[in-house]
Amino acid sequence: MTAIDKIQVLDSIEKELILCLQSAGQALLELSKEKTSQKATETHTNQFLKSLNIVESKLSEQINYLTQVSTGQPHEGSGYAAAKVLQMAWHRIQHVKSRIKELEECKMKYVTATNRLQSQRGGQNPT
């Protein structure tokens, strides 16, 4: 499921929620009348309950999906695990590069010191 599909699912949940609120409003409006129609009230109430159940089930599905993704468990629709692995690899590469640079600097200091020592010894021992 792509990001666009997920957004479309959330959009359908929002539309169902709007329908749910409209049905509740219609039922309350019907109840506020002097002469209420029991059939209309029941129809709006049933539509409200039906929409509410749909919203609840779809939101539960989304929450379950988000719980799976947020636990770090691999999920077919999630790129989080791969992105995290890539980020960690990048940090390891940067650390290795930094350590190699430090070792190169130590090597250069050692070579320079060794050359200086050898030249000083060579100048002191005329044979």
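I began with aspartate 11, which is partly exposed at a relative accessible area of 32% (buried is under 20%, exposed over 50%, partly exposed in between, with a 1.4 Å probe and protein chains only). The model is predicted: local features need pLDDT of at least 70, side-chain atom pairs count only at pLDDT 80 or more, and totals for chains, interfaces and linings use all residues. Residues are numbered from 1 along each chain as its sequence is written, and side-chain values use heavy atoms, without hydrogens or water.

**Entry: salt bridges**

How many salt bridges does a search of the whole structure find? I noted three (a side-chain nitrogen of Lys or Arg within 4 Å of a carboxyl oxygen of Asp or Glu).

One joins aspartate 11 to lysine 15, with 3.4 Å from N to O. I placed both residues in helix H1, residues 3–32 (helices are DSSP runs of H or I, at least four residues, numbered from the N terminus). They sit four residues apart, about one turn of the helix. An α-helix has 3.6 residues a turn, so residues three or four places apart point the same way. I looked up lysine 15 too: it is exposed, at 54%.

Next I took lysine 33 and glutamate 30, whose side chains form a salt bridge at 3.3 Å, N to O. Is each partner buried or exposed, or in between? Lysine 33 is partly exposed at 42%. Glutamate 30 is buried at 9%.

Then I turned to arginine 99 and glutamate 102, where the closest N and O atoms are 3.1 Å apart. These two lie in helix H3, residues 80–124, three residues apart, so about one helical turn separates them. I found arginine 99 partly exposed at 42%. Glutamate 102 is partly exposed as well, at 38%.

**Entry: helix H1**

I checked the length of H1. Its 30 residues should span 44 Å at 1.5 Å a residue (1.5 Å times one less than the number of residues). The end C-alpha atoms are 43 Å apart, which agrees.

Which residues of H1 are buried? I listed Lys6, Ile13, Glu16, Cys20, Ser23, Ala27 and Glu30. Their cover includes helix H2, residues 38–70.

**Entry: threonine 41**

I picked threonine 41, in helix H2. Threonine 41 is buried, at 11% relative accessible area. What does threonine 41 contact, leaving aside its neighbours within four places in sequence? I noted Ala27, Glu30 and Leu31 (contact means heavy atoms within 4.5 Å). Ala27 and Glu30 are also among the buried residues of H1.
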